[in-house]
Amino acid sequence: MKILVTAKRVEDPESKIKVKPDGSDIVKEGLKYKINPFDEIGVEEGLRLSAKHTGEVVVVSIGGKEVQEQLRHALAMGANRAIWVNHTGPLDQLGIAGLLQKVAEKEKPDIVLLGKQSIDDDQNQVGQYLAEFLGWGQATFASKVESLESDQEKNKVPAVVLSADKKSVQVVREVDNGLATLEVQLPAIVTTDLRLNQPRYASLPGIMKAKSKPIEELTPAGLGVDVAPKIQVLKLASPPARKAGIKVPDVATLVEKLHNEAKVV
């Protein structure tokens, strides 16, 4: 079983994000970066599927040379090899999906795992575009019934369940009023939600092994993809400052303010 997983480089959510005075971008000096948390969950799920069904996990990232840090992180977790699409210019979701389409056509995986969204722009589009471009079935917002404290989680049991004939997978996905279970024919696209699993830490032996694992370099031109953005970001703005809270002496006063001032009860 071959599993292709994305590993986007994003700003560490613990960093303090500031918008440039002209609104053209964020201030990047001094920021720390990490693998997108939703993608890290995808890497973990891929490793669990590979361990159970004897497969290969290939991780892919798009960006400048700096994304190799995130690829090495995924390799240290246990991924077998990595693909780096070297591109330093702007990208929109259509361009990203177009590049991943060509990588998938080249690698011919049984399943592609992507984070449901990246925490920098929160678009939640690439997985859906990719499924359409490839003509594959998709299951978005993959989650599971069991909690992250369950025995299944402690034993690293994959929540994406491969059928006995290995031609489909069952995916539990989060919907507005609960959970829904889908069966998707392979090859397929699955996007991962927060409650799918708890990613493992990279061990010291894993970190050492990752240094010698291969990273294949590709380019948009070599893949034959026009990545000129169809969408342009005109301006960024910081959210308005939140008003300071107040203390109330008792419950009656709280209810009165919620009713008459906030008008929420």
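This is a predicted model: local features need pLDDT of at least 70, side-chain atom pairs count only at pLDDT 80 or more; totals for chains, interfaces and linings use all residues.
The protein chain has 265 residues, of which 43% count as buried, and its C-alpha trace spans about 60 × 45 × 40 Å along the principal axes. Eight helices and twelve strands are found in the chain. Among the contacts with a separation of 6 or more, 73% are accounted for by residues 24 or more positions apart. According to the UniProt record, an unreviewed entry, residues 23-227 carry the feature "domain: Electron transfer flavoprotein alpha/beta-subunit N-terminal". This span is 32% helix and 27% strand, and its end C-alpha atoms lie 24 Å apart.

In soluble globular proteins, nonpolar side chains tend to be buried together. The largest nonpolar core of the model comprises 34 residues, and the members that touch the most others are Ile 3, Val 43, Val 59, Val 160, Val 169, Val 171 and Val 190. Helix α2, formed by residues 68-77, supplies the largest share of this core, namely five residues. A further core, of 24 residues, lies apart from the largest one and includes Leu 4, Val 58, Val 103 and Val 225. When neighbours within four places in sequence are left aside, the contacts of Ile 3 are with Gly 46, Leu 49, Ser 50, Glu 56, Val 57, Val 58, Ile 111 and Leu 113.

The second largest pocket has a volume of about 270 Å³. Its lining consists of Lys 34, Pro 37, Glu 40, Ile 41, His 73, Leu 194, Asn 197, Gln 198, Pro 199, Arg 200, Tyr 201 and Ala 202, and by class these are six nonpolar, three polar and three charged residues. Helix α1, which covers residues 37-53, gives the most to this lining, with three residues.

Several features of the backbone can also be described. The peptide bond that joins Leu 186 and Pro 187 is cis, with omega at about 0°, and Pro 187 is placed in the loop between β10 (178-185) and β11 (188-192). Thr 54, although not a glycine, has a positive phi of about 55°; this residue lies in the loop between α1 and β4 (56-63). Thr 54 counts as exposed because its relative accessibility is 67%, where the cut-off for exposed is over 50%. Phe 141 likewise is not a glycine and has a positive phi of about 55°, but the place of Phe 141 is in a strand, β7, made up of residues 137-143.

Note on methods: Residues are numbered from 1 along each chain as its sequence is written. Side-chain values use heavy atoms; hydrogens and water are left out. UniProt positions are given in the numbering used here, feature names are shortened, and annotations may be inferred rather than shown by experiment. Helices (H or I, at least four residues) and strands (E, at least two) are DSSP runs, numbered from the N terminus. On a 1 Å grid over the protein atoms alone, a cavity is a set of points where a 1.4 Å probe fits but cannot get out, and a pocket is an open set with protein on both sides within 12 Å along at least five of seven lines; lining residues have an atom within 4 Å of a point. Grid points are joined across faces, edges and corners, and a volume is the space filled by probe spheres set on the points. Ala, Val, Leu, Ile, Met, Phe, Trp, Tyr, Cys and Pro count as nonpolar, Asp, Glu, Lys and Arg as charged, and the others, Gly among them, as polar. A nonpolar core is a set of buried Ala, Val, Leu, Ile, Met, Phe, Trp, Tyr and Cys residues joined through side-chain atoms within 4.5 Å. Buried means under 20% relative accessible area, exposed over 50%, partly exposed in between (1.4 Å probe, protein chains only). Contact means heavy atoms within 4.5 Å.
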